Amino acid sequence: MRTAPCIQIALLSVAMIAMAAGCRSSSKTPEAPRLPSINGTISLGVTTSVPETAVLAVRLVDLGRSDSARVVVEQIVSKPGQFPFKFRIYYNTSSIDFSRDYGIEALVTESGRPVWIPSQPAPVLTKGRPQVVDLMLQRAR
């Protein structure tokens, strides 16, 4: 007895679908590890917008150097818009030496020139310091 070609193709298709379904893994793809973060608000002293050409740089810096702060991680925001500005900056714990001092600083530039600057970095992370900070920038002179 011969099986019609259409039936053979249909049976073959069903068998292939069943095999493919059996090969699927039921386990979920593991999530990438989540990086810790520091967040907060950057204010300019007044509620205002900055020009569209403005750029905001938020940096986690190592304050332990005497010559200058070493940037651990930097986040650049083109066209930050309205202030106060909420930020979240992620860092890798392998970049942190918990015996050192760290801070968050921010800077607003227009055409590469600083127009809003920090008075000093806000201490964060180590030695019981917070991971949520509020920064107040001042107009550059």
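Colleague: Before we start, what counts as buried, exposed or partly exposed here?
Modeller: Buried means under 20% relative accessible area, exposed means over 50%, and partly exposed is in between. Bear in mind that this is a predicted model.

Colleague: Fine. Take Glu-74. Buried, exposed or partly exposed?
Modeller: Glu-74 has a relative accessible area of 38%, so it is partly exposed.

Colleague: Which side chain does Glu-74 meet in a salt bridge?
Modeller: That of Arg-59. The N to O distance is 2.6 Å. Glu-74 sits in strand β4, residues 70-78, and Arg-59 in strand β3, residues 54-62. The two are 15 residues apart, and the pair links distant parts of the chain.

Colleague: And what about Glu-105? Which residue does it bridge to?
Modeller: Glu-105 forms a salt bridge with Arg-59, with the closest N and O atoms 3.5 Å apart. This pair also links distant parts of the chain. Glu-105 lies in strand β7, residues 102-110, 46 residues from Arg-59 in strand β3.

Colleague: Are Glu-105 and Arg-59 buried or exposed?
Modeller: Both are buried.

Colleague: Now Asp-62. What is its salt-bridge partner?
Modeller: Arg-70. The closest N and O atoms are 3.7 Å apart. Asp-62 has 3% relative accessibility, so it counts as buried. Arg-70 is at 34%, so it counts as partly exposed.

Colleague: How many salt bridges does the structure hold?
Modeller: Seven.

Colleague: Switching to strands. How does β1 run relative to β10, parallel or antiparallel?
Modeller: Parallel. Five bridges join β1, residues 37-43, to β10, residues 132-139. Within that pairing, Asn-39 stands opposite Val-132 in β10.

Colleague: And β8 with β10, parallel or antiparallel?
Modeller: Antiparallel. Three bridges join β8, residues 113-118, to β10. Here Pro-118 stands opposite Leu-137 in β10.

Colleague: One more. Where is Thr-126?
Modeller: In the loop between β9, residues 122-124, and β10.

How values were computed: Residues numbered from 1 in each chain as written. Predicted model: local features only at pLDDT ≥ 70, side-chain atom pairs only at ≥ 80, totals over all residues. Heavy atoms only, no water. Pairing = 2+ DSSP bridges. Helix = DSSP H or I, 4+ residues; strand = E, 2+ residues; numbered from the N terminus. Salt bridge = Lys/Arg side-chain N within 4 Å of Asp/Glu carboxyl O. Buried < 20%, exposed > 50% of the residue type's maximum accessible area, 1.4 Å probe, protein only.
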